[in-house]
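I opened my notebook to jot down a few things about this chain. Come along while I look them up one by one.

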Amino acid sequence: MSQRGYSELWADAQLALSRLLTEELPAEPARPEKDRVVFFQRLAMLYVRYIQIFRQLEEVYDQVVHPQKRRVVRAILDGVIGRVLELKNEMVEKEFSEYHYMDDVLHDLKLTPEDLEIPIPRYFLRERNKELQERKKMLTEILKLVEVTKSPEPLMAKDMSQEKAIKIIQVAERARQGRLRAKLNEESRNMNRMYRTKEPGTDAIESATVCIQKVWRGYMQRKRTKIVREEEMIFLGMAMDPKYQVPCPTEIAAQSSEASTKIKQEEHNEDYQKSLVSVTNQLRDVEGYDISKTMKEQIRQWFIECRDTTGSFPDFPEEEDGGSALIFAEKNPQQLMEEIAAKEDDESDNKPKGKEEKKEKGKKGKDDEDEEEAGLKMMPSAFLSDLEMENKIFEGFWKNRNETRNFSQRHEVELIKEERRKMIEEEIRVKVDEQMRQELADWKLAVDKDKGGKTKANAKKKKGSKSGKKKKKEKDLTADRTLESLCQELVEQGLLKQANNVRLQDYMGDYSYLGTTLRQNDIEPMPSLSDVRQVLSLYAVLPLGSQYVHEKAPLIKAILLAGPAGVGKKMLIHAICQETGANLFDLSPLNTAGKYPGKSGLAMMLHMVFKVARLLQPSVIWIEDAEKMFYKKVPKEEKELDPKRLKKDLPKSLKLIKGEDRVLIVGTSTDPLNADIKSLCKMYSKIILIPRPDYGSRCILWNRLIRKQGGDVTRALDLGSLAKISDGYTPGHMVQVIQSIVTKRRTLQQANRPLTAAEFVAPLAKIDPVFQEEEEALKNWYAKTPLGKKRIKAATGKEEEEAPVEGKDAKKKGKK
C-alpha cells in the first residue's frame with residue numbers, strides 16, 4: 001500500500017473514532033441503564049469497535065513515513081489502547097468474569113473471531129531495538145563471566161569393588177572379540193561371492209530384465225497416480241496449489257517495500273530531530289527578545305489596571321497556579337482578582353472543620369450512592385478527553401490538508417515553528433515572572449509606603465503542603481553501586497534470567513464458539529486457550545508496552561495464572577517478556593531458598609530486584625509455585641526451604657509500585673488449593689484460570705505441533721480422532737508425545753510410511769491426563785475468589801437482594 005493509501009486508512013479510522021466519541025460524549029449525560037444485560041451489550045459493542053480502530057491505527061503507525069503524522073497517530077493509538085483496557089475493566093466489573101463471549105456481537109457486525117484478536121503494537125520492540133540489543137548483550141556477557149568463574153567440580157575417584165571391575169573388563173573384551181569376529185566373517189563372505197560368480201546365461205539375463213521392468217513400471221505408475229490424485233484434490237478445492245504455498249512475487253515486493261519504509265522512517269525522523277533543534281535555536285535568537293518585551297509590557301499594564309480598579313497592586317499568581325499565564329487569559333483585572341481569591345477560599349474550605357460537617361458530608365455521600373445505584377453508568381474515562389482533543393487536531397489540520405507538493409512525506413517546518421514557539425514562550429514566561437515579581441515588590445514599596453501594614457496583610461500566604469506528614473522515601477540500600485554490578489549479582493544468584501524466544505501467537509488455541517449459548521442456559525463455560533491469550537494481551541502486554549497507557553489505565557500490579565501442569569503458564573510468562581522487551585526476574589520460593597539469609601538479606605534481595613526492575617523497565621517478576629508462599633501448612637519435606645519467606649515483605653514491596661513503574665508480578669500455580677485463599681487474593685488482584693484445551697484447540701495443537709517437529713500431516717493421520725481421544729491432556733503432554741514419536745529417523749521414513757494416529761496412542765496412554773475431579777476442584781476453588789463469589793451472587797440474584805441493606809438495618813445486623 002502507498003503512503004496515500006495509509007493516509008486514507010487513517011482517515012477511515014478517525015471517522016469511526018469520531019462516531020464513537022459522539023456516542024460516548026453526548027451533549028446530555030445518558031440515563032442510567034437498569035438492565036445489566038443491555039448495558040453489557042453496549043459495552044461489548046464499544047469494545048469490539050475500538051479493537052477494529054486499534055488494528056487500523058497500529059497498521060498506519062507502523063507504515064506511515066511522515067514524522068509529524070506519526071506523532072499524532074501515536075497519541076491517538078495510545079488513547080485507543082487505554083480506552084480498550086478501560087472497557088475491559090468495566091466489562092469485568094459488570095459481568096463478574098475475566099472472560100467474555102461476544103458471538104452475538106460478532107454476528108451483528110458481520111465479523112470473524114480473528115477480528116477480536118488483540119494486535120500487539122510492533123512499536124513496542126521496534127522503537128526500543130537499540131536499547132534491547134544493548135541489554136541483551138550486557139546479559140550475555142554477564143552470563144559468560146558467570147560460566148567462566150564457576151569452578152569445575154573436582155573429579156572424585158569412586159570406590160569400585162574387584163568383582164565389578166572384572167565384569168567391566170570382561171564386557172569390553174568380549175565386545176572387542178565380537179567386532180573382530182564379525183569383521184572376519186564379512187571378509188570370508190566377500191571372498192566366497194568372488195569365487196561363486198559365473199557368467200550369466202541368456203535365460204538369467206531375460207528374467208533379470210523383466211524383473212527390473214516390473215519394478216520400474218510399477219514405480220512410474222504409482223508416481224503418475226499420485227500426481228493425478230493431487231490435481232483432482234486441487235481441482236475440487238480440497239488441497240492448496242503448491243504455487244500458492246511459495247511466496248509470490250507480489251508478496252516479496254510487499255516485504256521489500258516494508259523494509260524500505262522502515263529505512264525511510266528512520267531517515268525522516270533523524271531529519272525531523274535535527275530540524276527541531278535548529279528551528280528552536282533560530283526562534284529563541286530571533287523572537288526571544290520581542291516575546292519577553294511584550295510579556296513585560298502586558299504584565300505592567302495589568303498592574304496599573306488592577307491598581308486603578310481595586311486601589312492597590314495585585315498579588316502575582318504563583319507558579320503552581322500558572323504564573324502570568326493567568327494574566328494572559330481573556331479576563332479583566334477584577335475577574336482575575338476574584339478568581340485568585342476564590343482559590344484561596346476553596347483551599348481554606350477544604351480543611352476539616354468539625355465532626356458535624358463530616359457527618360453531613362457522609363450522609364450526602366450515601367444519598368449520592370443510593371441515587372447512582374438506581375442504574376448502571378459508564379465509569380469516568382481518563383482517555384476520552386485526550387482522544388477528543390487529538391481528534392480535533394486531526395480534523396482541524398490533517399484531514400483536508402493538501403500534500404501534493406510533499407510527495408516524499410518530509411516534515412513541515414511551519415508546523416515545527418508553531419509547536420516550538422509555544423515551548424519558547426513557556427521558557428521565557430518563567431524568567432519574566434521572576435523579574436516581574438521583583439518589580440511588583442519594588443512598586444509596592446515605592447507607592448504603598450503610607451499604607452503600612454496593609455501590604456503585609458494583602459500578601460499572599462504561602463501554601464502549606466497538602467498532606468501534613470511527608471511521605472517517607474524508600475531507603476536506597478545500594479546507592480554506592482552501579483547498575484551493571486547489581487545486574488551481575490542478580491544473574492550470579494539466578495534471580496535475573498533471559499526469557500525464552502517465544503511469542504504470544506505461539507500459544508495456540510481455538511475460539512470458544514459455544515460460550516454465549518452456554519451462558520444463556522445458565523452454564524458457566526470453561527474458557528478456551530484463545531480467551532487466555534486475549535486476556536493476557538490486555539492485562540500484561542499492552543500496559544507494559546506503553547508508558548502513557550500504564551500510567552492512566554486501570555493499574556494491575558500482580559496476576560496469578562492458575563491451572564494444571566502443562567497448560568503453558570511458564571510459556572506465557574516468557575511470551576509476555578518477548579512481546580514487550582521486559583526483563584525476567586525469578587523470585588520463586590525454590591529459586592530463592594538459601595539465598596540472602598536473614599531479615600537484612602531478604603530486604604537487600606527485594607530492594608535489589610525492585611530497583612533494577614524499575615531502572616530497566618518494563619520488568620516481569622515471576623513467582624513459580626505461588627501457592628507455596630501462602631501455604632496453610634508447610635509440608636515436612638519443604639520446611640528447610642522456608643517457602644513462606646516472602647509472605648510479609650513481598651506484598652509491602654508490591655504497594656510501592658506506582659503507575660509510572662512498569663513492573664508486573666506474575667505468579668503461577670498448579671495447586672492453589674493448598675494456599676490460604678484470603679492472603680493469596682490480597683496479593684494477586686487478577687486471578688486467571690487456565691483450563692485444559694477443548695476439542696477445537698486440540699485439533700489446532702496436534703496439527704501445528706507435529707508440523708513444527710518436522711512431521712507431515714497427511715490424510716493418513718486422522719487428527720479428529722486424535723483430538724477426541726486426547727481429551728484431558730494438556731499441550732505439554734502433546735509436546736512430550738510428539739517429541740517421542742516424530743524423531744529424525746521417523747521423519748525420514750514418512751515418504752514410504754506416513755504418520756498415523758495409532759502411533760500416538762501408546763505414549764499418550766502412559767501419561768495421566770487432567771481428570772474431571774481435578775478440574776472441578778479448580779472450578780470450586782475459583783468460585784471462592786472475590787470475583788468468583790460476585791459471579792455466583794449475580795447468577796443466584798442475591799446481590800440485588802443484599803444491595804439495599806444499609807444504614808440502621810446494617811447496624812442491627814452488626815450488633816446481632
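This is a predicted model: local features need pLDDT of at least 70, side-chain atom pairs count only at pLDDT 80 or more; totals for chains, interfaces and linings use all residues.

Is Lys652 buried or exposed? I looked up the relative accessible area of Lys652 and found 54%. The cut-off for exposed is over 50%, so I noted Lys652 as exposed.

Next I checked where Lys652 sits, and its place is in helix 23. Lys652 also turned up in a positive surface patch, together with Lys599, Lys648, Lys655, Lys678, Lys682 and Lys789.

Then I turned to the backbone. As a reminder to myself, most residues other than glycine have a negative phi, and most peptide bonds are trans.

I placed Phe96 in the loop between helix 3 (67–95) and helix 4 (103–109). Its relative accessible area is 8%, and under 20% counts as buried, so I wrote Phe96 down as buried.

Asp625 is another non-glycine with a positive phi, of about 50°. I found Asp625 in the loop between strand 4 and helix 23. With a relative accessible area of 17%, Asp625 is buried.

My last entry is a peptide bond. The one from Gln617 to Pro618 is cis, and I noted omega near 5°. Pro618 belongs to the loop between helix 22 (598–615) and strand 4 (619–624).

Conventions:
Residues are numbered from 1 along each chain as its sequence is written. Side-chain values use heavy atoms; hydrogens and water are left out. Patches are made of residues with over 30% relative accessible area and no salt bridge: like charges are joined within 9 Å, nonpolar side chains (Val, Leu, Ile, Met, Phe, Trp, Tyr) within 5 Å. Accessible areas come from the Shrake-Rupley method with a 1.4 Å probe; for residues, only the protein chains shown count as cover. A salt bridge is a side-chain nitrogen of Lys or Arg within 4 Å of a carboxyl oxygen of Asp or Glu. Lys and Arg count as positive and Asp and Glu as negative; His and the chain ends are not counted. The place of a charge is taken as NZ of Lys, CZ of Arg, CG of Asp or CD of Glu. Helices (H or I, at least four residues) and strands (E, at least two) are DSSP runs, numbered from the N terminus. Buried means under 20% relative accessible area, exposed over 50%, partly exposed in between (1.4 Å probe, protein chains only).
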